[in-house]
Amino acid sequence: MATTKSFLILIFMILATTSSTFATEEMVTVLSIDGGAIRGIIPGVILRYLEAELQRIDNNTDARVADYFDLIGGTSTGGLVTAMLTTPNENNRPFAAANEIVPFYFEHGPKIFEPSGNPLFGPQYNGTYLMQVIQEKVGETFLNQTLTEVVISSFDIQTNKPVIFTKSSLAKSPELNAKMYDICYSTAAAPTYFAPLGFNTSHNGDQYRFNLVDGGVATVGDPALLSVSVATKLAEEDPAFSSIRSLNFKRMLLLSLGTGTTSDFDKTYTAEQAATWGILQWGSAIQAMTGAASSYMTDYYLSTVFQALDSQDNYLRVQDNALTGTTTAWDDASMANMLLLEQVGENLLKKQVSNDETYEQALTRFAEKLSAQKKLRENKASY
């Protein structure tokens, strides 16, 4: 009897000391990936680390990022990465592992960003190669076939309205069930860089026309807030998302990956310097300013909400705010710059996210939470 009692006490102590690694409440898990063209290498490095940690924690080399997230959202290059993580192959598994993202940029970046024509009279780059590569990767897959809920943003220049591609919207808006390669090109078609994409979808014999450019035009460079909004909307419709009904962010895990912003000491200006600027000077500077501002404000909104609900540990923003030199460019796909961007990602993992931990440690902690959630659901499904 004493032995049994001691055993029960021991079990209780073990559970008490390891409770942080076991999920007791089901949570909605969300991954968001910023736009940034070739700078997508940076979140590629972060995802490589995250997936390796998930594989280590669960002792499963076949584990993939999409296995752990209810919703993955992305804009521009982030939309392309989203497709890589969620589009199924012939075995109904993601066609790309996270450690294949960075090699993808190294292999195809130089040809995607190969100058074409005069940028004063047309796009800087010929989008033919970009479309060809995407088609080869995702094949004839449609939006409704992705392995998890996705949120990929674009902007229709004919209607002057954002177009948000999500699986959950197809019941009410079946015209959005486009081919993934059309969606991927559209979200990456940044004005002046690539030509807009016009394409049709059909439903019950009706044709629908889209004329799309990069979702960043709708100031969705950082799609985290958009992804949270879609997840919150789903709470009213999908039982899997019901735990976050009424904006219960205590029951949400949100990982947001940036592509870097310009250093505080790089490419900044005084009012005196800008006082005499005209169209050309503002045109070259305003894009970087609005992109950085959008990223900062989205992070501000989300961190404020999560903190107000005492759930700050449920939100992790991984971002380098000190890019300098060629790494600030969206389209420098030279081998030297791509190697620098990969190093930026590696260095970011070692940086402090707080006084207590580095981004590497924070991601490991986040991976443990994701693993616990996956186990909780698997156990629930087995009953």
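View 1. Y300 is exposed, because its relative accessible area is 52% and the cut-off for exposure is over 50%. The structure shown is a predicted model. Y300 lies in helix α9, which spans residues 279-308. Together with L225, M297 and Y301, Y300 makes a nonpolar surface patch of about 400 Å². Helix α9 contributes three residues to this patch, the largest share.

**View 2. Side chains of strand β8.** Strand β8 comprises residues 315-318. Y315 and R317 point one way from the strand, whereas L316 and V318 point the other way. In a regular strand, the side chains alternate between the two faces of the sheet. All four residues, Y315, L316, R317 and V318, are buried.

**View 3. Pairing of strands β7 and β8.** Strand β7, formed by residues 252-257, pairs with β8 in the parallel sense. Four bridges join the two strands. In one of the bridges, L255 has L316 of β8 as its partner.

**View 4. The second largest pocket.** The volume of the second largest pocket is about 500 Å³. This pocket is lined by 21 residues, of which D299, Y315, L316, R317 and V353 are the closest to its centre. Helix α9 provides six residues of the lining, the largest share.

Terms used:
Residues are numbered from 1 along each chain as its sequence is written. This is a predicted model: local features need pLDDT of at least 70, side-chain atom pairs count only at pLDDT 80 or more; totals for chains, interfaces and linings use all residues. Side-chain values use heavy atoms; hydrogens and water are left out. Buried means under 20% relative accessible area, exposed over 50%, partly exposed in between (1.4 Å probe, protein chains only). Two strands pair if DSSP finds at least two bridges between them. Patches are made of residues with over 30% relative accessible area and no salt bridge: like charges are joined within 9 Å, nonpolar side chains (Val, Leu, Ile, Met, Phe, Trp, Tyr) within 5 Å. Accessible areas come from the Shrake-Rupley method with a 1.4 Å probe; for residues, only the protein chains shown count as cover. A salt bridge is a side-chain nitrogen of Lys or Arg within 4 Å of a carboxyl oxygen of Asp or Glu. On a 1 Å grid over the protein atoms alone, a cavity is a set of points where a 1.4 Å probe fits but cannot get out, and a pocket is an open set with protein on both sides within 12 Å along at least five of seven lines; lining residues have an atom within 4 Å of a point. Grid points are joined across faces, edges and corners, and a volume is the space filled by probe spheres set on the points.
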